[in-house]
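Reader: I'd like to learn how to read a few features of a protein model. Could you walk me through them, starting with charge?

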Amino acid sequence: MIALDLRGLRREWYEDEGEVRFLLEAPADTAPTRRRLAETSAAVTAALSPTNPVVAEQWLWTSAGWSGVLTCAFSFDHAVDWLEQLAIALGDDVEGVLQAAPRGRMPRGRDARDQLTTFAYWRTEDLRALPPAQRDGRWAVDPALTPAVFARAVEWIEQVDAPATLSRPGPWYVELAGDVDAGQPAAIGEAARRYLVIFLRAATRRAFVERTLGTRQHGLLALQLVDESLSALERAALLTESFAWDPAALDYAYLTHCQGGTPIEYGLLWPHVSEPDVRYNRPLLASYVPDAFGVQLLTAAHLERAHDLSRWRVEQVAPERYLVSAVDLEPWVSRQERDPHRPHDVAPRPTDGQEQARADFGAMILTPETIRADDPWR
């Protein structure tokens, strides 16, 4: 039998839609399977609709039981009615408690120095075909591709011998407890689709190793690795192996440094454009880059704009996809000290190599002039 504990249960607002974050606390030997939860919750929604449009998603197996999210909760009573019906529908063979999800913020990364990070832009739907109001707030990656991407990403995170924690917007994170049925990555993909910005992290306590995944809108998935037992070149190799997961499905990817524990593009020093210039002109990334980097996954359209790549290793890894890397990668992957007068900016690469690289990539590097000339929204 499942009891319902409403203490602490609240309706949150995400964008213009209410949601309720809840937990089905149950021991592993009596907890329902993900398939049963999905089928039962869909049946409950169908039975209550259209007067109660609540939908459950993001079923994640955690250290405390099944974590879930009720969306379309336009009234608190809708959510309570739905949870009551779920408890009844699961029957007498499941022992547990339906209750509010625990609140709290995911601990910060333990090393905030600049760390090697990859940023990969997965192929999206045609953003130009969408109404302007719908362009920015979308994950926008093919629903059939998203689970495959997150399956590889979660597998990469789980190389750390420690529980992974998932953070979503607000004071709310869960500690995952492994995958009981291979459905965990798809549920994490649902979180990325809904919230756009999520973080998944696993870190050991003694010999400190940390792997972090972060997402943003328009198919941006970042990976970061902290492991001082490895050389910078070894860490770079472990990170850029993600470029080979499905290179044909990538519009663009690159390796750089950013602040430890927070793999996002804020604070990166690009020569001509800022992070919002790139974010709000996402279709251009299939043929332009914000800067020159030591390792990049590029398209044929990128290479057409290059000035001279004779100093670079260029390897075709899929039709119209090329891995372009520096012959001497060490200066690109070694950590530089930040400018004390600009502490929020990631440290730039050595000036001589950076300027030559920018000259090599030439018209491939995005500028305000190219954004105006190739305005993707015209």
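Author: Lys and Arg count as positive, Asp and Glu as negative, while His and the chain ends are left out. Each charge is placed at NZ of Lys, CZ of Arg, CG of Asp or CD of Glu. In this chain, the mean positions of the 39 positive and 55 negative charges lie 3 Å apart.

Reader: What are the ground rules here?

Author: The model is predicted: local features need pLDDT of at least 70, side-chain atom pairs count only at pLDDT 80 or more, and totals for chains, interfaces and linings use all residues. Residues are numbered from 1 along each chain as its sequence is written, and side-chain values use heavy atoms, with hydrogens and water left out.

Reader: How many helices and strands does the chain have?

Author: Those are DSSP runs numbered from the N terminus: helices are H or I with at least four residues, strands E with at least two. Here there are ten helices and 16 strands.

Reader: And how do I read burial?

Author: Buried means under 20% relative accessible area, exposed over 50%, partly exposed in between (1.4 Å probe, protein chains only). Of the 378 residues in the chain, 54% are buried.

Reader: Is Arg206 buried or exposed?

Author: Arg206 is exposed, because its relative accessible area is 83%. You'll find Arg206 in the loop between β10 (199-203) and β11 (209-216). From Arg206 to Tyr173 is 33 residues in sequence and 23 Å in space, C-alpha to C-alpha.

Reader: What does the C-alpha trace span along its principal axes?

Author: About 70 × 50 × 40 Å.
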